[in-house]
Amino acid sequence: MHWKSMSLSRCWLLLCLLLAAETVPIDKIKVTKVEEPEVQATVESPDTGLYYDRYLREVIDVLETDRHFRDKLQTANIDEIKSGKLAKELNLVSHLVRTKLDELKRQEVSRLRMLIKAKIDAQQDAGIDHHALLKQFEHLNHQNPHSFEPEDLELLIKTATSDLENYDKERHEEFKQYEMLKEHERREYLKTLDEEKRKEEEARFDEMKRKHQDHPKINHPGSKDQLKEVWEETDGLDPEDFDTKTFFKLHDTNGDGFLDEQEMEALFTKELEKIYDPNNEEDDMIEMEEERLRMREHVMKEIDINKDRLISVDEFLTASEKKEFVDADNWETLDEQELYSEDELQEFERRLSQQEHELQMKSDDLLKQREALQLQQDQLQAQKFEFQQAVQHLEQQKQTQQVHPPAGPNGELQFHQEKQQAAPPGSMQALPPGHDQPQGLNQPAPGQDQPQQ
């Protein structure tokens, strides 16, 4: 199963900052006015995973070229951006920026229409309303496909915010589907075994489950015990010298003054290694990533006060002063929780069976089409063979009917002319009807007698 590896904090900053050069909240950016523009290294932000990711980035790139919009952005807070209030400032940006945004929107609408056309062509359904299908794309105003208005910026911000916030929820659902499929395949395999083999397989499964659950104690994520273990075993420092502020600076790997979600997840590696080993058959690495996600979500929920998906040093220190930081409850791992109910598994198997049935029907239909095409091809081959046989037969007949002149004794060609009876001297051959005998011809020579009448 494929899992996205992007940093959600950077995705959020791509949306909220519209600057994306560093992962710093908007209300923390310090403005430094300089005479000459600074040349900064381009930092490639990770893919947000949104289907309109390119459009989002291009809009951001254009907006950050406008000085007025940048100034307003630097004084805005997270709530103002998430609510879409900042979109009203679009009316005050330069004409050049608005023109570029108009062109970007036209390109995006054109791209969406191409996607719709491809979907319709695939379904071979010409009765679908293109305009109605555009309504499913909520990141722009489809009723005005020609110009980029404040409403478009507001829709883009709100839609991206909602989609990113639902990202973790979608990952949990994907994992749940994965676990149910795994259990379904296990049960189906057991059905193929006889009673003795089935008992052996069940015993082997129970043993693997027991071995997986047999691991050292898991510290509560974000607790003092968990952080001290990282301090000692990962950082190689004396646990007696543990200091929360120093710990924060050590693990702020990009030095921006905040712990983002990637930096937080890195802190749980030591705990996860207690449960999962890629070399053990009983340990599932996909389950390990789900466990990491659960740990990160829990810590963010407890520490991230302003819900900007970043932990500031003040938030970190405030959390360390709570009672739960020192006296934390035990952490329940995935194997201690019910990931799905039996009813959910049965419903999953029903949908799976229906999908398999539909796929089988399509496969049978394709097989019939293939057989029909093969039959047509065989018929064409037979017709082609018959035609070739007919042509060959005609060629043979032509060769046998051809007349060759006889050859002489020395191989020379010999021509035979028809023998005609010679006319007596002085006689004339009969002329065709209508032709008179020329005068002077066939007259007796002087001294000869005329023929008797």
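Lysine 158 is partly exposed, with a relative accessible area of 37%, and glutamate 154, at 28%, also counts as partly exposed; this class lies between buried (under 20% relative accessible area) and exposed (over 50%), using a 1.4 Å probe and protein chains only. Their side chains meet in a salt bridge, 2.9 Å from N to O, a term that here means a side-chain nitrogen of Lys or Arg within 4 Å of a carboxyl oxygen of Asp or Glu. You will find lysine 158 and glutamate 154 in helix H7 (residues 150-165), 4 residues apart, about one turn of the helix. Helices (H or I, at least four residues) are DSSP runs, numbered from the N terminus.

A word on the basis of all this: the model is predicted, so local features need pLDDT of at least 70 and side-chain atom pairs count only at pLDDT 80 or more, while totals for chains, interfaces and linings use all residues. Residues are numbered from 1 along each chain as its sequence is written, and side-chain values use heavy atoms, leaving out hydrogens and water.

Now look at helix H2 (residues 53-63), where aspartate 53 and arginine 57 sit 4 residues apart, about one turn of the helix. They form a salt bridge whose closest N and O atoms are 2.7 Å apart, and both residues are buried.

Helix H8 (residues 167-191) holds arginine 186 and glutamate 183, 3 residues apart. Both are buried, and their salt bridge brings the closest N and O atoms to 3.0 Å. Elsewhere, salt bridges that share partners join Asp168, Glu261, Glu265, Arg296 and Arg309 into one network. In total, the structure holds 32 salt bridges.

Methods. Helices (H or I, at least four residues) and strands (E, at least two) are DSSP runs, numbered from the N terminus.
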